[in-house]
Amino acid sequence: MAKRTLRPGCCGFLAAIAVCVVGGLVFAYAIFNKHNAAVPSGTDTGGTSRPVSSAVSKALAPASEMKTGGLLMLINAQSPLPSDYTPALSTVDKSYYLSSDKDNHFDARAAPYLSQMIHDARADGVQLVIVSGYRSMAYQTDNFDRKVSQYRAQGYGPSTASSKAATLVAPPGTSEHESGLATDIVSSDWYKKNTDLTAAFDQTEAFAWMEKHAADYGFILRYPKGKTNITGIEYEPWHWRYVGKENALKMTGAGLCLEEYDGKA
Ligand code: ZN
């Protein structure tokens, strides 16, 4: 298979640890049952079941969702976030994170759904943990600059040092984590044994749970297997992106990644 230059989506493999340290508007109107139509209640998953909107049509999502700040915005090396991008954030329970020193902010539109998803998985006996959620642009900049400095110290020129750093750490503005809409999720037992994020995570019960249910909470597997030539990012079975439930169900059902759904499908 031809080698490609891949950029880190959220975390490279071996570099993952270094890189990956780290009410919604709809929230109030309904309480959905947890798997078939999950909408966070903020408390528990009981309550009235409500059918998934029959408006899951073939129409493409509104263009407004694809703009900066929209739930479908593309964030990558070609489409970086503006340097002044500041999402409205809310918090996710610290107990849902791998460690309590993680930044527990998340985009306010998505945070309740992330919380509910982790809650429901745990209720099913699947101990999901968030390895990394929101990362501020300042944090990402520090990470990137530190890596550039390491290469500079090894004698590389500014441009080469920067390029080499970019193969390990997403340059500022190009990581989805900076939007507060992306999260790395594994299971606590798996992480204890592996201490790194690797594709082998997809062999776990935890991944199977996510694959089956994540779209109900509005999340898609952002860098799926077999889509690397489109996303430019290696397969990452731990990196999930919030796009809203309707979009997530459509994309997952049709096997489309965000780039394909973004007006090109
Ligand atoms: Zn990630």
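Student: Why is strand β4 (residues 182-187) largely enclosed by the rest of the structure?
Tutor: Six of its six residues are buried, so β4 is largely enclosed by the rest of the structure. Buried means under 20% relative accessible area, exposed over 50%, partly exposed in between (1.4 Å probe, protein chains only). Strands (E, at least two residues) and helices (H or I, at least four) are DSSP runs, numbered from the N terminus.

Student: What kind of model is this?
Tutor: This is a predicted model: local features need pLDDT of at least 70, side-chain atom pairs count only at pLDDT 80 or more, and totals for chains, interfaces and linings use all residues. Residues are numbered from 1 along each chain as its sequence is written, and side-chain values use heavy atoms, with hydrogens and water left out.

Student: Which residues of β4 point which way?
Tutor: A182, D184 and V186 point one way, while T183, I185 and S187 point the other way. All are buried.

Student: Which strands does β4 pair with, and in what sense?
Tutor: Strand β3 (residues 128-132) pairs with β4 in the antiparallel sense over four bridges. Strand β6 (residues 239-242) also runs antiparallel to β4, joined by three bridges. Two strands pair if DSSP finds at least two bridges between them.

Student: What stands opposite V186 and D184?
Tutor: V129 stands opposite V186. H239 in β6 stands opposite D184.

Student: Switching to helices. How many residues of α2 are buried?
Tutor: In α2 (residues 111-123), 10 of the 13 residues are buried, so the helix is largely enclosed by the rest of the structure. Among them are Y113, L114, M117 and I118.

Student: And what comes just after α2?
Tutor: G125, with a positive phi of about 90 degrees.

Student: Which residues of α3 are buried?
Tutor: M137, Q140, N143, F144, K147, V148 and Y151. Seen down the axis of α3, these buried residues fall within an arc of 130 degrees, so they line one face of the helix. The arc is that of the directions from the helix axis to the C-beta atoms.

Student: Why would that spacing put residues on one side?
Tutor: An α-helix has 3.6 residues a turn, so residues three or four places apart point the same way.

Student: Where does T195 lie?
Tutor: T195 lies in the loop between α5 (188-194) and α6 (205-213). Its phi is near 45 degrees, a positive value in a residue other than glycine.
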